[in-house]
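Thanks for coming. I will go through one model today, starting with its overall layout and then moving to a few residues.

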Amino acid sequence: MQRKVIFILLFFCGITLFAGDLFKVGVTSGYFIPSDEIFKEVYDGDLVYGLKLGVHVWNGFYVWVSGLQYKKFSETTYTGDITRLTLNPLYLSLRFTAPLGKVNPYVGGGYTYLSFKEESTIGAIEDSGSGYCLEAGIEFNLSSRFILDLNAGYSSVSITPFDEKIDLGGAFAGLSFLVVI
């Protein structure tokens, strides 16, 4: 316990002493709308939440890593069985942020890795796949340390858990609270 407290104190002291624009880290939440019609029959859009980390690499360019989670309960179309779907997308992207001052627009794109698990009374299915993501948004600088990030995007990840190919990507819109380190 004492080590954790010391680590947290050192971390926040380091943030204060070595302030800059090297890292942006924060929490994110938003709404996800699946693009696949078969997927939409069972699961509609719902909330996603997760964490984001951006590393400044050069003149407004950042490498971003984001991890999200989407959980949804529903029932199958044919038998009416209760199902639970969990999607865990991991995004790795390159983003350009135009440094205009208090309001900074950005665009980005990159790689998506997605793992999913669907559970029902019949059993559980797990699979994963990869694809691409695109996003755009606006960062609102609340202060030199805090940013409110309003974003929207699209991802495409095709998998084949059965005999049919399913795209587990879709459109999303969200809001992130970021701390500049």
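**Layout and core**

Reading from the N terminus, the elements of the protein follow the order α-β-α-β-β-β-β-β-β-β-β. That gives two helices and nine strands, where helices (H or I, at least four residues) and strands (E, at least two) are DSSP runs, numbered from the N terminus. The model is predicted: local features need pLDDT of at least 70 and side-chain atom pairs count only at pLDDT 80 or more, while totals for chains, interfaces and linings use all residues. Residues are numbered from 1 along each chain as its sequence is written, and side-chain values use heavy atoms, with hydrogens and water left out.

The protein has 181 residues, and 37% of them count as buried. Buried means under 20% relative accessible area, exposed over 50%, and partly exposed in between, with a 1.4 Å probe and protein chains only. As for contacts, meaning heavy atoms within 4.5 Å, take those between residues at least 6 apart in sequence: 57% of them join residues at least 24 apart.

Next, the nonpolar cores. A nonpolar core is a set of buried Ala, Val, Leu, Ile, Met, Phe, Trp, Tyr and Cys residues joined through side-chain atoms within 4.5 Å. The largest one has 17 residues, and those with the most contacts inside it are Phe32, Phe39, Tyr70, Leu85, Leu87, Phe116 and Leu168. Strands S3 (61-75), S4 (82-97), S5 (103-120) and S7 (146-159) each give two or more residues to this core. S4 has the largest share, three residues. A second, separate core has five residues, including Tyr62, Ile147, Leu178 and Val180.

Leaving aside neighbours within four places in sequence, Phe32 is in contact with Phe39, Tyr70, Leu87 and Leu168, among others. The list of its contacts also includes Gly169, Gly170, Ala171 and Phe172.

**Strand pairing**

Two strands pair if DSSP finds at least two bridges between them. S4 and S5 run antiparallel and are joined by 15 bridges. One of the pairs is Phe96 with Val107 in S5. These two strands form a hairpin with five residues between them, and Gly101 in the turn has a positive phi of about 130°.

S5 also runs antiparallel to strand S6 (residues 124-141), with 17 bridges between them. Here Pro105 stands opposite Ile138 in S6. The hairpin of S5 and S6 has three residues between the strands, and Gly123 takes a positive phi near 150°.

There is also a positive phi at a residue that is not a glycine: Asn59, at about 35°. Asn59 sits in the loop between strand S2 (46-58) and S3, and at 53% relative accessibility it counts as exposed.

**Two residues to look at**

What does its side chain meet? Polar contacts here are pairs of N or O atoms within 3.5 Å; within protein, one must be able to donate a hydrogen and the other to accept it, and residues adjacent in sequence count only if both atoms are side-chain atoms. The side chain of Arg95 makes one of 3.3 Å with the side chain of Glu135, and one of 3.3 Å with that of Glu139. Beyond four places in sequence, the residues in contact with Arg95 also include Lys52, Tyr62, Trp64, Tyr106 and Asp149.

Now Tyr113, which is found in strand S5. Tyr113 is partly exposed, with a relative accessible area of 34%. A polar contact of 3.2 Å joins its side chain to that of Ser128. Tyr113 and Pro89 are 24 residues apart in sequence, yet 5.7 Å apart in space, C-alpha to C-alpha.

**Cavities**

On a 1 Å grid over the protein atoms alone, a cavity is a set of points where a 1.4 Å probe fits but cannot get out, and lining residues have an atom within 4 Å of a point. Grid points are joined across faces, edges and corners, and a volume is the space filled by probe spheres set on the points. There are two cavities of 30 Å³ or more.

Conventions. 1 Å grid on protein atoms, 1.4 Å probe; cavity = no way out; pocket = protein on both sides within 12 Å on 5 of 7 lines; lining within 4 Å.
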